[in-house]
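Q: I would like a close look at one part of this model, with the cut-offs spelled out.

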Amino acid sequence: MLFGALFAAYLLLRVGAADPWPPGATILDLPLGLLATFVLILSNVTMVAGWSALLRQRLALYRPALGLTVALAATFLALQGAAYSDAFGRGLYPSTSTFFALYFTLTGLTAVHVLGGALMILYLWASGPGFWKRAPQQLLHRVEASGLFWHFVGLVWIFLFPLLYLI
């Protein structure tokens, strides 16, 4: 609901803007945004690979897949940090314009969700082998639930990227 409200606010503010709305690609680092998008989509693939490995009872494949998911999440966060650093270096802050207020709010909130999801996945990665021995079905369900959250984060970004960078 929070992201839905923020998307609605973005659209209403954009439509009602007195000044021309800047195309994101002209003021944001588009290649960096594309790379971040690719990294986040790839992390969704590795998350599915980890869940699938558990489903097939192949614990040896589970940990590398989830470890790679966490590494890709960290890469995404580093790319977001680089995008922020680039914007700040050019004097672009949330107070610069309505566009940047929304850009930093939407991407910052996404980054918080990526961090939270990565920490959850890291916990499942670390506790997985012991958990598997005690309650394999519970571990499978927890990985599936965290995967659903992770896919939601990726889906939100798939809508955010064109909204902020392309349109």
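What volume does the largest cavity have?

A: This is a predicted model, in which local features need pLDDT of at least 70 and side-chain atom pairs count only at pLDDT 80 or more, while totals for chains, interfaces and linings use all residues. Residues are numbered from 1 along each chain as its sequence is written, and side-chain values use heavy atoms, with hydrogens and water left out.

The largest cavity has a volume of about 30 Å³, and the structure holds one cavity of 30 Å³ or more. Here a cavity is a set of points, on a 1 Å grid over the protein atoms alone, where a 1.4 Å probe fits but cannot get out; grid points are joined across faces, edges and corners, and the volume is the space filled by probe spheres set on the points.

Lining residues, those with an atom within 4 Å of a point, are Leu 28, Asp 29, Leu 32, Ala 83, Asp 86, Arg 90, Tyr 103 and Tyr 165. By class, this lining has five nonpolar, no polar and three charged residues, where Ala, Val, Leu, Ile, Met, Phe, Trp, Tyr, Cys and Pro count as nonpolar, Asp, Glu, Lys and Arg as charged, and the others, Gly among them, as polar.

As for confidence, pLDDT (the predictor's confidence in each residue, from 0 to 100) averages 93 over the chain, and 99% of the residues score at least 70. Confidence is lowest in helix α2 (residues 24–27), at a mean of 78, and highest in α3, at 97; helices (H or I, at least four residues) are DSSP runs, numbered from the N terminus.

Definitions and conventions: 1 Å grid on protein atoms, 1.4 Å probe; cavity = no way out; pocket = protein on both sides within 12 Å on 5 of 7 lines; lining within 4 Å. Helix = DSSP H or I, 4+ residues; strand = E, 2+ residues; numbered from the N terminus.
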